[in-house]
Amino acid sequence: MNLKLKIWRQENANSKGGFEEFQMKDVSVDSSFLEMLDQLNYQLEEEGKDPIHFDHDCREGICGMCSLYINGEPHGPTQTTTCQLHMRSFKDGDTIVIEPWRATAFPVVKDLVVDRTSFDNIIQAGGYISVNTGGTTSDANEILIPKEVANEAMDAATCIGCGACVAACKNASAMLFVSAKVSHLGLLPQGKVEAKKRAENMVAQMDAEGFGACTNTGACSAQCPKEISLTNIARLNREYLSAKFTSDNN
Amino acid sequence: MKLDAKIPEGPIAEKWTKHKFDVKLVNPANKRKYDIIVVGTGLAGASAAASLAELGYNVKAFCFQDSPRRAHSIAAQGGINAAKNYQNDGDSVFRLFYDTVKGGDYRSREGNVYRLAEVSVNIIDQCVAQGVPFAREYGGKLDNRSFGGAQVSRTFYAKGQTGQQLLLGAYSALSRQVANGKVKLYPRTEMLDVVMHEGQARGIVTRNLITGEIESHAGHAVLLCTGGYGNVFYLSTNAMGSNVTAAWRAHKKGALMANPCYTQIHPTCIPVSGDHQSKLTLMSESLRNDGRVWVPKTKEMAEKVQKGEVKAADIPEEERDYYLERRYPSFGNLVPRDVASRNAKYVCDEGRGVGPTGLAVYLDFADAIKRDGESTIEAKYGNLFDIYAKITGENPYKVPMKIYPAVHYTMGGLWVDYNLSTNIPGLYALGEANFSDHGANRLGASALMQGLADGYFVIPYTIGDFLAKQPYDHFNEDHESFKKTEEEVKGRIEKLLSIKGSKPVDYFHKKLGKVMWDYCGMSRDAEGLKKAKGMVQEIKEEFWKDVKVIGSNEELNMTLEKAGRVADFIELGELMIDDALNRNESCGGHFREEYQTEEGEAKRDDENFSYVAAWEYQGEGKDEVLHKEDLKFENVKLTQRSYK
């Protein structure tokens, strides 16, 4: 198939960016979206031009490294990661517009690469259970966890931290990301001990990083490649409110 | 050089306990004086960094990804083994130990493997305590599944995303220590060399991938937790960024590389579909619990399938060959990976493969769906079926999956002793980066176990012994050895940028990968290996004459990153070939055509090759020197592996 690409180019964080157009010929419908970009970069390199920089690593939809805002949607038209998007989702002759994630808390590094350190900072603010590793802990089966609860925690824990929720949100809110981690840990008995403090600290860090407020439009969940549910946001709000009334952080 | 594995004396079940008592300790107040460098933040790296920081050491953790949470351990699907015997099906530490040594085709160290099996039970306790959402039974207890190469159910799992959940657990522990100020993170930073002084590792030189800045970091010990080298084959199930550079640069500074020819070809991957392909995707081997592997009985039928004239469902039962069930009645579809892979290759070589290329076999769930219902199968493998459907455009609930083996894991790696120390004092290797526990073939669900065992349970003890036994000194980045190493690193980068040849980096990587797959892949023979050695040398020469690296050092430059990694893969490729050529036997993942039993199984030569082949670098263009560490088996009886 043949395609026209309009791709955001930006030399570095401080420079002004803009779109550049490329014509692509003979793209296999079986190739993935990133393999299509590999093909373009190979051509550019052969011509001695600077290849397009984009983040990617596992190419199995699990590491969360790939991003790309494709034709106005994070990760493109299907509800997957960009690496799992295949060219059979497009038609011969299509024009495809590719941009980086747009959010104050995700500054552009180069071309389509953005800096998501803010997500790591949020996890560092409380996205863990405070137990030391190694040593002697009680036998794993001494904590009984109902299958349904374990499954619900697992569904929330599936979040890959890609940032599509932020890119999809008109306010660039990180509520879905934060609520997924708060839910994963807060649902499990091991994580309940610190649940309130965790919710408070992670939300505070989210605000400090410059993410916007949540207005419950649900765009985040609709675009999430791992289908993280909006229920998590409701759960976070509940946890956060109850924490505010009975704060441990005094 | 005399290789001393430093296996403690005494009965195997007491070695580790005794060793933990014998090692010297660093007192709590002194730990804060030591700086430890951890390279890589996968299961081994993140768990080591978190554990050492909790103990009180100052840790610097490095990764090339934008966040430690993205290391490739995250992609492991199926599960993690532990000898809990929760299912009361006869499992024990000794059985896990025995299975692992046997599965590795008797080419691993008994002492190390026993310790791995021993701490496996603690890993599960630890992971549950930190909130890993393992699958549960209705009564609330942990669920288990069975896995290839074992006859008990000892595998713990979190859907098909076990690696993700274990890594997020380790990452959360790491994040907690970052918040405590005990770990400093260096994401988007690549280690480009080890700094040596008087025979000891004293730090590393890195490149900041955003700015290109070359920086020095001093440490009292350096831990390489940098994963495997499967990307030497270009197409593999590794992440695009997975590379051998850290380990290879250490090797060139004197660290021995052990058994580099032992690579694991995973039997259940999505087949290659065309030239555009950048990587291969694994389908968890847990699928073999319920999926049945087959091909048409005759070549004629297979040809019709390849042309698309006949569909799988139209082939009657009596014209199908469930070849694993037929050849291995007691293990059936659950034979170890090397056996399953080789058999897939055989039936395809016979012309009985399916798919447009003929390089695929069926993995069929029709019987399982009929027996258990679609919803049960979906609950077990839903996300794997989704991945498959997205990549191939086919629905595996309706038509059988098509699979083919692909490079997945490398059992070889830096030589380490029982303490996980390389032969260079102060330099350690953990997880897939070392060679120690899996012998010539790794059993499924054992990689996660080893990564976490090394990081959470082994290194916290053994590193203290090293630090406590030598006088404390404050060796910092001002030392001339850092300046010298920085200059070497810069020189290499300048050289890559100055060639300005005509071919992109990927051209060389693809070419190398094809040679390695064709001659040093699923099966090897002396003639092919000799030919391949010459081909790899030619690729090396061409690379350094004609590679085209666009851009400069002082920016984010992914082409430059890749060029350095491919240059190292080329050198490693030649050593893998030398190692494969030296090992005149077949064992596990190393299958030499000349050495097979009448039934076509791997034929070991215990008399002459029951050793670890550890290679020492000799300088540019020179053949490496082989050192042998003899393997002693006191607890396991060496037999011809049989899964019949």
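Which side chain meets that of B:Lys159 in a salt bridge? The partner is A:Asp155, with 3.1 Å from N to O; a salt bridge here is a side-chain nitrogen of Lys or Arg within 4 Å of a carboxyl oxygen of Asp or Glu. The model is predicted, so local features need pLDDT of at least 70 and side-chain atom pairs count only at pLDDT 80 or more, while totals for chains, interfaces and linings use all residues. Residues are numbered from 1 along each chain as its sequence is written, chains are lettered from A and ligands numbered from 1 in the order in which they are written, and side-chain values use heavy atoms, with hydrogens and water left out.

Between chain B and chain A the count is 6 salt bridges. The contact (heavy atoms within 4.5 Å) takes 77 residues from chain B and 75 residues from chain A. The two chains bury about 6200 Å² between them, 53% of it on carbon and sulfur atoms; buried area is the accessible area (1.4 Å probe) that two parts lose on being put together, summed over both.

Chain A has 9 helices and 7 strands, where helices (H or I, at least four residues) and strands (E, at least two) are DSSP runs numbered from the N terminus. Its C-alpha atoms fill a box of roughly 60 × 35 × 35 Å, taken along the principal axes. Of the 250 residues in chain A, 57% are buried; buried means under 20% relative accessible area, exposed over 50%, and partly exposed in between (1.4 Å probe, protein chains only). Helix H2 (residues 117–124) of chain A is mostly covered, with 6 of its 8 residues buried. Among them are A:Phe119, A:Ile122 and A:Ile123. The buried residues of H2(A) pack against helix H4 (164–168), helix H5 (175–187) and helix H7 (195–208) of chain A, together with helix H6 (162–179) and strand E5 (183–186) of chain B. H2(A) is followed by A:Gly126, which has a positive phi near 160°.

The largest nonpolar core has 226 residues, of which B:Ile80, B:Phe134, B:Leu223, B:Ile463 and B:Phe543 touch the most other members. A nonpolar core is a set of buried Ala, Val, Leu, Ile, Met, Phe, Trp, Tyr and Cys residues joined through side-chain atoms within 4.5 Å. Not counting residues up to four places away in sequence, B:Phe134 touches residues including A:Ala150, B:Ile80, B:Phe156 and B:Leu166.

In chain B, 5 strands form an open antiparallel sheet in the order E11-E15-E14-E12-E13. Two strands pair if DSSP finds at least two bridges between them. The edge strands of this sheet, E11 (263–269) and E13 (320–321) of chain B, each pair on one side only. Strand E12 (residues 292–296) of chain B pairs with E13(B) over 2 bridges, and B:Val295 stands opposite B:Asp321 in E13(B). Elsewhere in chain B, strand E6 (residues 189–197) has 7 of its 9 residues buried. E6(B) pairs in the antiparallel sense with strand E7 (residues 200–208) of chain B over 8 bridges. These two strands form a hairpin with 2 residues between them, and B:Glu198 in the turn has a positive phi of about 50°.

Most residues other than glycine have a negative phi. B:Arg188, not a glycine, has a positive phi of about 45°. B:Arg188 is found in the loop between E5 and E6 of chain B and is buried, at 8% relative accessibility. B:Lys500 also has a positive phi of about 45°, but is exposed, with a relative accessible area of 65%.

Over all chains, the structure holds 70 salt bridges. One of them joins A:Asp30 and A:Arg88 at 3.4 Å, N to O. A:Asp30 lies in the loop between strand E2 (18–24) and helix H1 (33–46) of chain A, and A:Arg88 in the loop between strand E4 (73–74) and strand E5 (95–99) of chain A, so the pair ties together parts 58 residues apart in sequence. The side chains of B:Asp518 and B:Lys514 meet at 2.7 Å, N to O, in another salt bridge. These residues are separated by about one helical turn, because they are 4 residues apart in helix H15 (residues 505–520) of chain B.
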